[in-house]
Every structure is written in C-alpha cells, then in structure tokens.
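Please look over the chain shown here. What holds its helices together, and which residues stand out?

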Amino acid sequence: MLGEEAMPAGERSSATGDRLYLRNVIYFGALHALPLGALITGASRGAFVAAAVLYVVRIWFVTCGYHSYFSHRAFKTSRWFQLVLAIGAQTSSQGSVLGWAATHRYHHVHADAPSDLHSPHHRGLWYAHIGWLLRTEYLARSQPRTGPFAAFPELVWLDRHPYVPPVCLATALALGLGWPGLFIGYGLSTLAVYHATFAVNSLAHRFGARPYATPDGSRNNWLVALIMLGGGWHNNHHRFPRSARHGLRWWELDVSYGVLVVLGWLALVSEIRVPRPESLSEHAVRRTPERSHRPC
Ligand SMILES: [Zn+2]
Ligand SMILES: [Zn+2]
C-alpha cells in the first residue's frame with residue numbers, strides 16, 4: 001500500500017530521516033508486476049472495461065477529492081458526501097486523504113524550492129515523478145494531520161486504515177471478474193492512475209505554457225490535463241490554488257470541474273470556488289522570501 005500509516009508525529013519525524021523506503025519499493029515493484037498476471041490467466045473484455053471506467057472515476061476522485069476538496073477546500077459538501085469523496089479517493093491507493101492533503105500543502109508552500117519534495121528542477125524528472133515516494137523524507141512532511149478534516153472520526157479512521165478502500169475494491173473485482181478483474185481491472189488501472197497523478201508533479205512542473213508568472217516552475221501541460229481530466233492546467237492552479245476550476249480558458253478542457261458543476265446542480269456540492277473574472281488577467285504574483293526561488 002502506498003502511503004503511510006498514521007503514527008504520532010514525533011515518532012515519525014524522529015524515525016524516518018531520508019533513506020530508502022523499502023516498503024514502498026516492494027509495493028510499487030509488486031504493483032507494476034500485477035498486470036503481468038494476465039499473461040498467465042488471460043484477460044477479458046469485462047476486465048478492460050472495468051479498468052477504463054475505474055481509471056476515469058478514480059482520476060476524478062483524485063482531482064476533486066484528494067486535491068480540490070481535501071487539500072484546497074475549493075468547494076463545500078455534506079458530511080456523508082465528504083466520506084464518499086474520501087473513500088473514492090483512497091480506492092486509488094494513494095494513502096489517506098489527510099496524509100495526501102498534508103503532503104500536497106507542503107508542496108504549495110515550497111513549490112520548486114530546494115525543499116520541495118518533488119521538484120523536477122532540483123532532483124530530476126524521475127525523482128519528481130516517483131523517486132520521492134521511494135524515500136522516507138516525505139513521511140515527515142505529511143505530518144501533522146491538522147486542519148478541520150482531522151476532527152472527523154471517520155476520516156481519522158481512514159487515515160489509520162488507508163488500505164481498506166483499495167483492498168475492498170480489488171477483492172470485489174476479483175470476486176466479480178476473476179483473476180483478470182484483479183490483474184487488469186484493479187492492477188492496470190491503478191498503475192495508470194498513479195502515473196497520471198505523478199505526471200502532474202513531474203511533467204506539469206517542467207513542460208508546457210506559463211501564462212502566469214508564478215514563483216514556481218508550474219506549467220499548463222495539455223497532455224497531463226487530458227489524462228487528469230483537467231488537473232494538468234497546473235500553472236493556472238498554482239496561480240489560483242483555491243479554485244476548483246483549473247482550465248480557465250474556453251479551450252482548456254476541465255472535465256473534473258464540469259462534473260463538479262453537475263454535482264452542484266444536484267445539490268451534492270456547493271460554494272464551488274472559481275477565480276474572479278477580472279483576476280484572470282493578473283499575471284504577476286507577490287513574491288515571498290519563502291517562495292523567492294524561481295527555476296524557470
Ligand atoms: Zn505543483
Ligand atoms: Zn494543489
């Protein structure tokens with residue numbers, strides 16, 4: 001299981017340091033091997049359909065659950081739908097929503113500074129993409145789990161048991177579709193969701209347009225936006241981090257935001273944040289000493 005189980009902050013920060021995180025190395029190795037099981041058992045059309053559907057659905061939960069809601073509070077929702085967002089996000093095996101949000105907020109504060117956990121400008125594309133997850137350094141940065149969401153017992157429980165949603169999903173796929181359901185429906189789609197998500201940290205901080213002069217190296221990358229349902233308009237996002245809408249121009253397709261709008265019509269979410277129209281042309285951002293580094 002990717003991610004980290006909750007443990008007292010003091011214990012973690014003193015126990016981790018920065019060394020090879022063997023558990024994640026083994027986990028990622030095993031997950032990359034999982035789809036190969038279909039070479040033995042064979043695949044099925046149902047397993048590929050499940051993989052495609054689960055890819056799209058879980059990417060939406062990553063962009064709107066982990067990211068827009070739990071990391072940036074870009075919209076509001078009810079307590080029960082908040083739990084749906086948390087469970088849906090955690091089926092992607094990227095750890096608890098509390099831990100993911102803590103790590104991501106750290107990224108925004110340190111974006112592309114030497115202290116950023118996954119900047120391609122300091123440690124290379126491989127490290128920004130996945131290498132940082134194979135080291136223990138990031139564990140300390142995902143602590144403590146503070147903020148209003150840490151007050152919900154159900155989210156704290158999911159933080160302590162982050163593996164429950166993905167294990168339930170994998171088991172259901174295996175029971176419903178047999179081994180191809182596990183190898184392709186779960187394994188292949190989970191792998192695709194990982195690398196699409198990771199591309200935001202690597203490719204969308206290295207390649208693409210920079211309509212806004214943010215003090216980091218974030219880019220609007222159309223390919224990442226496509227595979228992340230809008231999550232690749234990353235320079236827009238760093239300029240307007242509280243906005244639930246990342247595609248800000250008519251041609252910047254943002255499927256995730258479109259789904260949020262529909263959920264708003266259904267009264268499942270509310271107060272969806274978007275930038276003020278007049279602020280879209282404000283290209284300059286105030287620099288702070290903490291974020292004065294600009295690699296691009
Ligand atoms: Zn970023
Ligand atoms: Zn963000």
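**Overall make-up**

The model is predicted. The chain holds 13 helices and 2 strands. Of its 296 residues, 45% are buried.

**Nonpolar cores**

The largest nonpolar core contains 36 residues. Seven of them have the most contacts inside this core: Ile59, Tyr66, Ala89, Val97, Ala101, Val224 and Met228. Several helices contribute. At least two core residues come from each of H4 (45-71), H5 (79-90), H6 (97-110), H10 (164-202), H11 (222-227) and H13 (255-265). H4 gives the largest share, with 8 residues.

Beyond its neighbours within four places in sequence, Ile59 is in contact with Val193, Ala196, Met228 and Leu229. A second core is separate and has 15 residues. Its members include Ala47, Leu173, Ile184 and Tyr186.

Two packed helices are described by the angle between their axes and the distance between the axes.

| Helix pair | Axis angle | Axis distance |
|---|---|---|
| H4 and H5 | roughly 120° | within 9 Å |
| H4 and H13 | about 75° | 10 Å |
| H4 and H6 | roughly 70° | within 9 Å |

Start with H5. The axes of H4 and H5 cross at roughly 120°. That angle makes H4 oblique to H5. The crossing is left-handed. On the H4 side, the contact uses Phe61, Val62, Gly65, Tyr66 and Tyr69. H5 answers with Leu85, Ala86, Gly88 and Ala89. By class, the contact of H4 with H5 has 7 nonpolar residues, 2 polar ones and no charged ones.

Next comes H6. The axes of H4 and H6 cross at roughly 70°. These helices are therefore roughly perpendicular to each other. H4 passes H6 in a right-handed crossing. Gly65, Tyr66, His67, Phe70 and Ser71 of H4 meet Val97, Trp100, Ala101, His104 and Arg105 of H6. The contact of H4 with H6 divides into 5 nonpolar, 4 polar and 1 charged.

The axes of H4 and H13 lie 10 Å apart, at an angle of about 75°. H4 is thus roughly perpendicular to H13. From H4 come Trp60, Thr63 and Cys64. They meet Ser256, Val259 and Leu260 of H13. This contact of H4 with H13 has 4 nonpolar and 2 polar residues, with no charged residue.

**Residues with positive phi**

Ser93 lies in the loop between H5 and H6. Its phi is near 65°, a positive value in a residue other than glycine. Is Ser93 buried or exposed? Ser93 counts as buried, because 23 C-beta neighbours lie inside 10 Å and the cut-off for a buried residue is 20 or more.

Glu271 also has a positive phi, of about 50°, although it is not a glycine. Glu271 is found in the segment after strand S2 (269-270). With 11 C-beta neighbours inside 10 Å, Glu271 counts as exposed, because 12 or fewer is the limit for that class.

**His246 in its loop**

Where does His246 sit? His246 is in the loop between H12 (234-239) and H13. His246 is buried, with 26 other C-beta atoms within 10 Å. Which residues does His246 touch, not counting residues up to four places away in sequence? They are Gly230, Gly231, Trp233, Asn236, His237, Asp254 and Tyr257. Val274 is 28 residues from His246 along the chain, yet their C-alpha atoms are separated by 8.6 Å.

Definitions and conventions:
Residues numbered from 1 in each chain as written. Chains lettered and ligands numbered in written order. Predicted model: local features only at pLDDT ≥ 70, side-chain atom pairs only at ≥ 80, totals over all residues. Core = buried A, V, L, I, M, F, W, Y, C linked by C-beta atoms within 7 Å. Helix = DSSP H or I, 4+ residues; strand = E, 2+ residues; numbered from the N terminus. Contact = placed C-beta atoms within 7 Å. Axes fitted to C-alpha atoms, helices over the stretch in contact; angles between N-to-C directions. Parallel < 35°, antiparallel > 145°, perpendicular 65-115°, else oblique. Left-handed = near helix turned anticlockwise from the far one by under 90°. Nonpolar A, V, L, I, M, F, W, Y, C, P; charged D, E, K, R; others polar.
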